[in-house]
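Me: Got a chain here that I'd like to go through with you. Can we take it feature by feature?

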Amino acid sequence: MRFNTLRPGSSLLTSLQNLTLTTTTASSAARAFSTSTPLATKTISLQKLPSSTVPPYPYGPRLLYKQSNHGLYGTTRIRHGHNISEKHHQVTPRTWRPNVHRKRLWSESLGAWVRTRLTTRVLRTVRKEGGIDAYVTKNKAARVKELGPGGWKLRWLVMQTPAFRERYAAERETLGVQGEMPEDQTDLVHYMVDAATPGPLSAVSREIMERRATQMIAEEFALGEEAEMFEDGAQYEEVHLEGLEEPAVEDKRLS
């Protein structure tokens, strides 16, 4: 067996002799990671938004194509028609389903992503309006009817955020509208966003619901004029009507 040796002056030997190790400093090397904390953004599901805290939808749930109750489908429905063959003109029934996609849209007022199903027509309208917030809060009867129960919940949630309330107060002041502002329910925004995200409720959300439940119970069992009567020492008077006799109590004996 014969081995080839490198002769002095060969090109390969010269290259190996001129080879040097170069080290890169930490400043010149590109950073492969970042130490800054990522933005704490949430992704809420439109279908999981609780409806117990939201006023009822004025048009009621949709009885046809019930899937549209949990998304942004607009006025799109399943269409029915027929296929007609060219040769024998044979008629067969068929359906056209809406072009539905699952998208994630950014909400400036909520500071979170909203994941929902929507049609391509609604998606074009959202982009034309300038975002999901402007789409759901547009004050038109046709838009409210187009939202459906799912969009109605998102509309109410966006309208309770502090950012929207500030814009609403500025518009009222510009137009010279008198009267009180609607009730401040910004505490429910945290609860609804927390309920629509995966995982259990946080301690803040549980505290909010406990406080709300206590307030509702106190309002439900608040005494009115009857409490004032008992405080004054008044008592109810017994009223006897003529012609009415008390029913006789019969003894029921076991045989």
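Me: Which residues touch the most other members of the largest nonpolar core?
Reply: Quick caveat on this predicted model: local features need pLDDT of at least 70, side-chain atom pairs count only at pLDDT 80 or more, and totals for chains, interfaces and linings use all residues. Numbering runs from 1 along each chain as its sequence is written, and side-chain values use heavy atoms, with hydrogens and water left out. A nonpolar core here is a set of buried Ala, Val, Leu, Ile, Met, Phe, Trp, Tyr and Cys residues joined through side-chain atoms within 4.5 Å, where buried means under 20% relative accessible area, exposed over 50% and partly exposed in between (1.4 Å probe, protein chains only). In the largest one, with 30 residues, the answer is L110, I132, Y135 and L154.

Me: Which element gives this core its largest share?
Reply: Helices (H or I, at least four residues) and strands (E, at least two) are DSSP runs, numbered from the N terminus. β5, α2, α3, α4 and α6 each supply at least two residues of the core. The largest share is seven residues, and it comes from α4.

Me: How many helices and strands does the chain have?
Reply: Along the sequence, the pattern reads α-β-β-β-β-β-α-α-α-α-α-α-α. That comes to eight helices and five strands.

Me: What share of the chain is buried?
Reply: The chain has 255 residues. The buried ones make up 27%.

Me: Why does R117 count as partly exposed?
Reply: R117 is found in strand β5. R117 counts as partly exposed because its relative accessibility is 39%.
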